[in-house]
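My notes follow, entry by entry.

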Amino acid sequence: MNTAILQENPTVRQVSRVIKGMPATDGAGVELTRVIGQPALPMLDPFLLLDAFRSDRPEDYLAGFPPHPHRGFETVTYLLAGRMRHRDNAGHEGVIAPGGIQWMTAGRGIVHSEMPEQENGLLEGFQLWVNLPAAHKMDHPGYQEYPAEQIPVESREGGIDVRVIAGATSQGTRGPVVQPLTEPLYLDVRIPAGGEFTERLPVNHNAFVYVIQGPVMARDAGGRAVQLGRDDLGVLARGNTVRVEAGNAEARFLVVAGRPLNEPVARGGPFVMNTRAEIQQAFEDYGQGRF
Ligand code: MN
């Protein structure tokens, strides 16, 4: 991209909607907040679901997610605090620790468990579901797993830190996760009080900001100031630049963007395909032990 042209013609993405998560229970009784994948925001193509979890009450998370299947998309787990152990039916196993990412491509099918590797203390993080295009839903499963030490942190002027999990920034920092099918950008950004963060985004990608620590200031479609508080998701309208500011305290937020697939979506619990028939096939295959 020609950055000189971009600087001359920034089209700042306004916040088109502010979404509040809704309380949900999943797995064997894990209390979480569903942000994408709920009535207010059923999906933001290619993002099918975003769950946020943050609790220091063991009863909220101890039950975990015992073995369950997935097919047709990717599950992305990013931990801020605590530890989660993952095991699957192909013998893959690992622990996600704070600052670590697990980008799992379920593809044609996997059966896995996701269990807290702790009996008390804070467990905090996110799970994002990223869709796969029809032509790749039945690909072989795969993992991209990186501990915190392998995720680059871009330090910018003004005390801004950008952890680059997936995609690349305009300053050239490249995250370890690669997914050419949806070209995701996944950033964890900290800006000091009064600071401003600007980053370019592909103009046609869907994008959102999720506030971990706020407030974060942005603009709506009418140019009015919008304040996003902790746990608010701001859907970003089309444009080539995201620009947000911190208030009078340090702010931390995720910036996530991806190329929309514009394909029909059929959901059935842990399966996301293109048609109902494919969902029925997934249930049948799982029931017959073909995962
Ligand atoms: Mn799962």
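**Entry: cavities.** I searched the whole structure and found one cavity of 30 Å³ or more. For the search, a cavity is a set of points on a 1 Å grid over the protein atoms alone where a 1.4 Å probe fits but cannot get out. Grid points are joined across faces, edges and corners, and a volume is the space filled by probe spheres set on the points. The largest cavity holds about 110 Å³ of space. I then listed its lining, where a residue counts if it has an atom within 4 Å of a point. The largest cavity has 13 lining residues, and Val30, Phe53, Tyr61, Phe65 and Leu123 lie nearest its centre. At least two lining residues come from each of S3, S4 and helix H2 (58-61). Helices (H or I, at least four residues) and strands (E, at least two) are DSSP runs, numbered from the N terminus.

**Entry: ground rules.** I am working with a predicted model, in which local features need pLDDT of at least 70 and side-chain atom pairs count only at pLDDT 80 or more, while totals for chains, interfaces and linings use all residues. Residues are numbered from 1 along each chain as its sequence is written, and side-chain values use heavy atoms, with hydrogens and water left out.

**Entry: the sheet.** S3 and S4 came up in the cavity lining, and I looked up their sheet next. Seven strands form an open sheet in the order S2-S3-S4-S11-S6-S9-S12, with antiparallel pairing. Which strands stand at the edges? Strand S2 (22-26) and strand S12 (142-146) do; each has a single partner strand, so one side of each is left without a neighbour in the sheet. From one strand to the next the twist averages 20 degrees, taken between axes that are lines fitted to C-alpha atoms, with angles running from 0 to 180 degrees between N-to-C directions. Two strands pair if DSSP finds at least two bridges between them. Strand S3 (residues 30-36) and strand S4 (residues 47-55) pair in the antiparallel sense over three bridges. Arg34 has Asp51 in S4 as its bridge partner.

**Entry: the manganese ion.** Which residues are its protein donors? I found His68 (NE2), His70 (NE2), His112 (NE2) and Glu114 (OE), lying 2.1 to 2.3 Å from the manganese ion. Donors are N, O and S atoms within 2.8 Å of the metal (3.2 Å for Na, K and Ca); water is not among the atoms, so sites may look incomplete. The donor residues are spaced H-x1-H-x41-H-x1-E in sequence. His70 lies in strand S5 (residues 65-70) and Glu114 in strand S10 (residues 110-116), so this pair ties together parts that are 44 residues apart in sequence. Are these two buried or exposed? His70 is buried at 2% relative accessible area, and Glu114 is buried at 6%. Buried means under 20% relative accessible area, exposed over 50%, and partly exposed in between (1.4 Å probe, protein chains only).

**Entry: aromatic pairs.** Rings of Phe, Tyr and Trp (its six-membered ring) pair if their centres lie within 6.5 Å; planes under 30 degrees apart count as stacked, over 60 as edge-to-face and the rest as tilted. By this rule I get ten aromatic pairs. One of them is Phe271 with Phe283, edge-to-face at 4.8 Å centre to centre and 80 degrees between the planes. Phe271 lies in strand S24 (residues 271-273) and Phe283 in helix H3 (residues 276-287), so the pair ties together parts that are twelve residues apart in sequence. Phe271 is buried at 1%, whereas Phe283 is partly exposed at 44%. Phe271 also pairs edge-to-face with Tyr286, at 6.4 Å centre to centre and 65 degrees between the planes. Here strand S24 and helix H3 are linked again, by residues 15 apart. Phe271, Phe283, Tyr286 and Phe291 form one aromatic cluster.

Entry: Most residues other than glycine have a negative phi, and most peptide bonds are trans. The Asp45 to Pro46 bond is cis, with omega near 10 degrees, and Pro46 lies in the loop between S3 and S4. Another cis bond joins Gly214 and Pro215, with omega about 0 degrees. Glu183 has a positive phi, near 45 degrees, and is partly exposed at 43%. Asn262 has a positive phi near 55 degrees and is exposed at 67%.

Definitions and conventions
On a 1 Å grid over the protein atoms alone, a cavity is a set of points where a 1.4 Å probe fits but cannot get out, and a pocket is an open set with protein on both sides within 12 Å along at least five of seven lines; lining residues have an atom within 4 Å of a point.
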